[in-house]
Amino acid sequence: MNLALMSAEPIPADFSQETWWLTLIKALFIVVYLILSVIMALWVERRGLGRMQTRPGPNVAGPFGLFQALADAGKLLFKEDIWTSRADKFLYFLAPAIMAFTAFSVMAVIPMGPNVNMFGHSTPLQVADMPVSALYILAITSLGLYGIVLGGWSARSTLPLYGAVRSSAQVISYELSMGLALVSVFLMSGSMSTSEIVSAQKPFWWVIPLFPAFVIYVISMVGECNRLPFDLPEAEGELVAGHMTEYSSMKFGWYYLSEYINMLNVSAVATTMFLGGWHAPFPFNLIPALSGGWWGMLWFILKVWLFMFFMIWTRATLLRFRYDQFMKLGWKILIPIALVWLVMVSVLQGVRLWSGASLPTIMGVIIGVLVVVVFLAFWLTDRKPKVEEEPGEFDAFAGGYPVPPLPGQALPPSPRAGRVPVTATKEDSDE
């Protein structure tokens with residue numbers, strides 16, 4: 001039985017004319033693309049944060065400060081490489097390598113465009129694809145956690161260990177909500193292949209019918225990347241740099257590079273799962289010349305940078321959570337909502353297959369029911385009788401600090417009331 005909700009079956013990527021040297025070229029392109037994107041992301045973030053915080057940002061090294069990221073990279077390359085004498089050398093060196101390997105591996109199954117003509121061969125703008133590509137992405141991101149945990153533990157230092165424990169709890173918690181949000185995409189697409197998921201979004205993107213899952217994924221991806229307001233594993237005021245505190249030179253650089261590549265990875269996954277992948281947005285999708293071929297890579301990159309700018313924006317806007325608030329958000333809010341939404345999507349799938357109704361019709365009915373429920377909730381809330389509280393005694397110093405009275409409260413009479421005001425004498429005025 002075809003579980004896809006669309007009228008046409010999703011079409012997988014065509015690798016029939018793929019050769020080993022084409023795969024090698026695309027793999028090298030992915031590595032170069034990610035490194036250059038990180039360099040650009042560093043400049044965009046520092047420049048963007050500066051503008052959002054009314055300061056210039058980097059503006060000395062090169063035009064518009066474009067060479068600042070290159071200067072930072074050179075500093076890391078030539079910086080003295082030191083480590084603690086108590087560190088477990090093997091794991092200490094292995095941890096950043098694991099982080100870098102997993103970060104570079106995710107983009108291998110992300111479709112950046114349709115089949116194009118490359119050196120006389122028809123090949124998709126994708127290194128590889130498989131029926132369980134989405135599970136491969138989740139597995140690789142989970143494997144990257146070992147780089148964080150081993151890096152914090154092998155340093156044999158207090159703050160890195162705290163950061164590693166925090167990060168492991170954070171990643172495990174938010175991977176659950178992220179995975180549940182993606183399951184609804186699998187149900188709607190009828191496949192876990194990334195190319196088929198993109199193909200299933202040709203009429204319209206999954207962000208429209210699966211908007212709650214999209215919101216859950218976006219929150220979870222920010223938590224996965226340890227970005228503000230969820231950068232608790234690297235809270236500067238508490239843990240210095242978290243699991244990276246005892247690292248220097250390029251070992252620190254590999255961690256730093258991996259974090260920004262992971263930002264690109266989660267943005268690419270969000271683009272693939274919810275924003276139609278390489279499909280052109282409206283109204284450009286109405287123009288055949290702009291909705292296929294090499295143009296697909298342009299639309300894909302623009303959508304990825306939309307999420308990158310969103311994470312930069314949140315860093316400049318929001319404050320850091322407390323750790324208990326962060327865990328409560330993941331376990332008591334996001335995961336229950338994701339479970340309820342997954343059940344609703346499953347019921348929608350069953351109703352659609354049973355009744356044969358189209359997806360837009362069922363969506364319209366669900367949206368109408370939700371609007372009615374929200375209207376009734378507000379209407380019943382407004383009809384509740386308001387109980388007016390009688391003004392009682394108010395102690396401005398009850399909490400140890402003087403506070404103004406709230407509505408309905410009154411200050412006690414001043415002890416100075418009734419005293420005779422002091423008037424200035426002639427001698428005082430003369431002085």
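How many nonpolar, polar and charged residues does the lining of the largest cavity have, by class? Legend A gives the answer.

The views show a predicted model, in which local features need pLDDT of at least 70, side-chain atom pairs count only at pLDDT 80 or more, and totals for chains, interfaces and linings use all residues. Numbering starts from 1 along each chain as its sequence is written, and side-chain values use heavy atoms, with hydrogens and water left out.

**A. Lining of the largest cavity by class.** The lining has 15 nonpolar, seven polar and four charged residues. Nonpolar covers Ala, Val, Leu, Ile, Met, Phe, Trp, Tyr, Cys and Pro; charged covers Asp, Glu, Lys and Arg; the others, Gly among them, are polar.

One cavity of 30 Å³ or more is found in the whole structure (on a 1 Å grid over the protein atoms alone, points where a 1.4 Å probe fits but cannot get out; a pocket is an open set with protein on both sides within 12 Å along at least five of seven lines; lining residues have an atom within 4 Å of a point). The largest cavity holds about 330 Å³, the volume being the space filled by probe spheres set on points joined across faces, edges and corners. Of its 26 lining residues, Thr141, Glu224, Cys225, Asn262 and Val266 lie nearest the centre.

**C. Helix α4 at the largest cavity.** α4 gives the largest share of the lining, seven residues. Helices are DSSP runs (H or I, at least four residues) and strands likewise (E, at least two), numbered from the N terminus.

**D. The largest pocket.** About 1,000 Å³ lies in the largest pocket. Among its 35 lining residues, Leu42, Phe252, Tyr256, Leu257 and Tyr260 are closest to the centre. α9 supplies the largest share, nine residues.
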